[in-house]
Amino acid sequence: MGTTKHTGPIRLPKKLDPKLWVSKAPFGLGHIKPHHIKDTLKVAWDNRDQLPYAYRILTQGVCDGCALGVSGLYDRTLEGPHLCTTRLNVLRLNTMPPIKPEVLHRDIAALRTMDSTELRKLGRIPYPLIRRQGETRFSRLSWDEALDTIAAKIRVIDPKQLAFYLTARGITNESYYAAAKVARLLGTNHIDNASRICHSPSKTALKRSVGIGASSCNYKDWIGTDVLVFWGSVAANNQPVSTKYMYAAKRKGTKIIVINPYYEPSMEQYWIPSIPESALFGTKLADDFYQVNIGGDIAFMNGVMKHWFEMEAFQPGSALDREFIRRHTNGYEQLRAHVMKQEWALLEQSSGLSRERMLEFARLLAGAKSAVFVWSMGLTQHRFGTDNISQVANLALLRGFLGRAHCGLMPIRGHSGVQGSGEMGADPFSLPGGEFKAPDIERIERLWGFELPKWQGDIVGVSLENALLPEAHERKLKLFYTSGGNFLETMPDPAFVERCLESVEIRVHQDIVLNTSTLADAREAVIVLPAMTRYEQPGGGTSTSTERMVYFSPEIDGPRIGEARAEWAIYAELAAKVDPAYKRLVGFESARDIRNEIAAAAPYYDGIQHLSERGDVFQWGGAWLCEDGICPTPDGRGQLIPIELPELRKPEGHFRVTTRRGKQFNSMIYSDKDPFNGADRYDVLINPADAQALGLKAGDAVVVYNQYGMLHGRAKPVAVQNGNIEVHWPEGNSLIPKGVYEPKAGIPEYNTAAIVEKAETYHAFKDTRYVEKRIAELETEME
């Protein structure tokens with residue numbers, strides 16, 4: 001923890017800088033780019049029935065989109081208003097009317113003809129619903145009937161057969177905390193959250209490397225740092241407001257580097273709508289792209305460090321911060337010995353980059369006095385995600401880029417609520433303010449007044465798979481309670497996930513809208529509970545941003561949806577239904593009561609109890625974690641960790657495959673067309689030379705397949721590293737193997753190897769069992 005406080009927003013320069021312009025043509029004429037004005041007008045039209053309410057949400061509430069932490073139209077980084085189309089697209093979720101009864105209660109087969117985008121547009125869930133086994137329609141039931149049914153099931157099953165999951169859909173810290181407490185009170189440690197499939201390796205790696213579980217720095221540190229590195233992160237697309245910070249950084253002379261297999265157009269140039277100069281002429285963002293292979297980051301970083309060690313041998317002090325290493329790290333000699341034995345040929349082959357390119361990056365960082373490393377799913381969603389992040393920490397520690405201004409390690413969050421989820425204990429490995437280990441267990445038991453289950457809970461993917469266990473197995477999932485989330489569109493192998501969902505006896509969907517998962521069958525019943533948004537919750541709520549800012553979002557006056565209830569209140573009432581005696585333990589009277597308890601349960605959240613008015617905010621941990629290089633580890637030092645090269649299994653004739661995002665917010669898709677590159681949702685991004693070798697032209701129908709599944713799409717030659725292809729998420733999830741988890745953090749693997757063929761080649765020999773023969777060959781090759 002640090003003592004220096006965040007100093008508040010800074011001003012943008014007023015003078016124009018034509019050197020950064022993309023084009024002198026106004027508004028990007030002739031360029032493939034988002035049409036912000038058109039998109040804004042469309043959002044206004046979509047919300048025309050509730051424009052005053054929509055305006056109040058935008059100007060009074062804390063953004064329920066990404067985790068940059070915009071309160072109203074302002075943040076703590078830059079002066080002036082901020083607005084992005086991601087937030088505007090999410091807005092309609094808060095202003096929609098309820099689903100019409102004649103639609104809500106139609107035959108399930110008719111609802112299943114809709115995708116999640118169409119289901120979302122139907123409106124909000126107005127009241128509790130149930131669909132029992134064999135029934136073809138949802139029917140209405142009262143809250144008491146719904147909760148009594150769920151509670152009765154909980155009483156007769158083993159607590160290990162009960163699992164909870166919370167997405168990050170605008171969910172507040174208060175709801176995460178209430179769910180974490182109720183789950184443990186009901187005897188289960190199977191509780192997980194959306195960070196499991198995004199940043200769980202970040203927390204795990206940062207804990208072991210430097211003792212922290214969150215960003216060590218602030219967005220302000222981007223502005224004026226010598227080098228700002230985006231590693232497997234397309235922040236311009238996924239956190240659009242961040243482009244304003246990038247603009248400010250460029251004006252201060254910061255070099256922006258992107259490390260990614262695909263030369264993402266949105267990171268090269270962007271038209272930032274809230275900066276008039278940029279909105280007119282665009283802004284050049286990235287100074288350089290390092291196009292690594294999918295999964296090649298560890299090799300690339302080993303190459304960078306090998307260059308540093310060689311530079312140090314020639315001229316001590318030319319590459320490393322020797323004083324910082326001496327005073328603040330362990331493991332230097334072991335790391336050096338490990339890296340120096342790496343062969344350049346293997347590092348080049350694995351990374352996809354030449355020794356010379358690695359030297360360029362090594363020299364850039366060696367000559368920098370400061371740097372901030374920002375990363376996202378491109379580093380975490382691997383079976384070696386934790387090792388990826390520890391490698392980034394190694395780079396920061398060797399250069400002393402930690403615990404001071406314009407330096408730091410930042411896992412940038414893609415959802416406004418997700419940073420607080422584990423910190424509130426909604427995680428099988430966490431408790432409020434600590435870990436699921438003896439000292440914190442004892443501390444929480446004293447505070448909560450009941451004994452916690454001591455067995456280790458499962459991550460959500462394993463919990464789902466447990467639905468297929470034998471009937472008598474103590475961990476067979478029989479009741480799955482999910483607050484938001486759509487596993488059919490977020491997990492690998494959707495067909496397998498559907499089987500798991502339909503094998504659960506009772507499945508509870510606490511949500512604001514329907515999605516495709518809600519419509520899956522269950523062995524006994526599917527129960528749907530209508531939830532309030534964060535703007536409707538009585539007493540308001542809080543959320544924690546990427547930079548550890550805890551913002552208060554007030555209850556906003558406006559229409560309310562039928563019988564929707566605050567999520568934290570639903571959990572508390574369910575516990576009381578299971579056993580009336582539990583009401584004394586979790587009978588929260590208000591959101592303020594929960595905040596008071598959070599402050600006691602998570603000591604570094606002391607201050608949350610004082611948040612009660614619009615604009616209230618505090619930052620836990622100070623401006624910089626690990627301030628002055630002192631880490632919250634047993635000896636106060638960071639750990640340099642030798643990282644082995646992962647095995648990148650890509651048989652001959654295969655491509656490395658990863659998923660990417662288009663115009664979407666997590667799994668919520670807003671357009672079939674990517675506004676930055678014109679790609680369709682089923683386009684396969686492939687290197688032009690690779691496409692030519694396969695005889696493919698732009699738009700040709702292709703099939704991507706492996707032993708796990710297939711994807712029908714069209715070839716789109718773009719600047720992606722050769723030997724690699726990218727497909728959209730979740731459309732490409734059919735290619736991803738099920739049940740492959742990172743061993744330390746439990747994140748699913750979202751990368752694989754596959755064959756790309758012309759569609760006519762693939763289909764031409766079906767009658768002679770060509771496909772079956774090729775799949776058999778693949779299974780042999782991958783063994």
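**Figure 1. Helix α9 and the elements that surround it.** In helix α9, which spans residues 200-210, the buried positions are Ser200, Pro201, Ser202, Ala205, Leu206, Ser209 and Val210. The model shown in this and the following views is predicted. Glycine 211 follows α9, and its phi is positive, near 80 degrees.

Figure 2. With a relative accessible area of 8%, serine 376 is buried. When residues up to four places away in sequence are not counted, serine 376 touches His199, Trp231, Gly232, Ser233 and Ile412.

**Figure 3. Strand β28 and its two partners.** Strand β28 (residues 724-728) is mostly covered, five of its five residues being buried. Asn724, Glu726 and His728 point one way from the strand, whereas Ile725 and Val727 point the other way. In a regular strand the side chains alternate between the two faces of the sheet. Strand β22 (residues 655-660) runs parallel to β28 and is joined to it by five bridges, with valine 657 standing opposite isoleucine 725 of β28. Strand β25 (residues 683-686), by contrast, pairs with β28 in the antiparallel sense over two bridges, and here leucine 685 stands opposite glutamate 726.

**Figure 4. Strand β25 between β28 and β27.** Besides its antiparallel pairing with β28, strand β25 pairs in the parallel sense with strand β27 (residues 710-717), over four bridges.

Figure 5. The model holds 27 aromatic pairs. In one of them, the ring centres of tyrosine 177 and tryptophan 448 are 6.0 Å apart and the planes stand at 80 degrees, so the pair is edge-to-face. This pair links distant parts of the chain, since tyrosine 177 belongs to helix α8 (residues 173-185) and tryptophan 448 to helix α22 (residues 438-448), 271 residues apart. Tyrosine 177 counts as buried at 0% relative accessibility, and tryptophan 448 likewise counts as buried at 3%. Tryptophan 222 and phenylalanine 230 form a further edge-to-face pair, with 5.3 Å from centre to centre and 85 degrees between the planes; tryptophan 222 and phenylalanine 230 are both buried.

**Figure 6. An aromatic cluster and two arginines placed over rings.** Trp231, Tyr290, Phe300, Phe361, Phe373 and Phe401 are linked into a cluster by ring pairs; of these residues, Trp231 is also touched by serine 376. Elsewhere, the charged end of arginine 131 sits over the ring of phenylalanine 138, 5.7 Å from the ring centre. Arginine 548 lies over the face of tryptophan 620, at 5.5 Å from the ring centre.

Figure 7. Proline 453 is found in the loop between α22 and α23 (460-465). With a relative accessible area of 11%, proline 453 is buried. Leaving aside neighbours within four places in sequence, its contacts are Arg184, Gly187, Thr188, Asn189 and Phe436. The C-alpha atoms of proline 453 and leucine 162 are separated by 13 Å, the two residues being 291 residues apart along the chain.

**Figure 8. Domains and the annotated region.** The chain is divided into domain 1 (114-197 + 422-534 + 566-615), domain 2 (216-411) and domain 3 (655-758), and the centres of domain 1 and domain 2, taken over C-alpha atoms, are separated by 37 Å. An unreviewed UniProt entry carries the annotation "domain: Molybdopterin oxidoreductase" for residues 124-576. Over residues 124-576 the chain is 39% helix and 16% strand, with the end C-alpha atoms 27 Å apart.

Terms used. Residues are numbered from 1 along each chain as its sequence is written. This is a predicted model: local features need pLDDT of at least 70, side-chain atom pairs count only at pLDDT 80 or more; totals for chains, interfaces and linings use all residues. Side-chain values use heavy atoms; hydrogens and water are left out. UniProt positions are given in the numbering used here, feature names are shortened, and annotations may be inferred rather than shown by experiment. Domain bounds come from an automatic or database domain assignment. Buried means under 20% relative accessible area, exposed over 50%, partly exposed in between (1.4 Å probe, protein chains only). Two strands pair if DSSP finds at least two bridges between them. Rings of Phe, Tyr and Trp (its six-membered ring) pair if their centres lie within 6.5 Å; planes under 30 degrees apart count as stacked, over 60 as edge-to-face and the rest as tilted. A charge sits over a ring if NZ of Lys or CZ of Arg is within 6 Å of the ring centre and within 35 degrees of the ring normal. Contact means heavy atoms within 4.5 Å.
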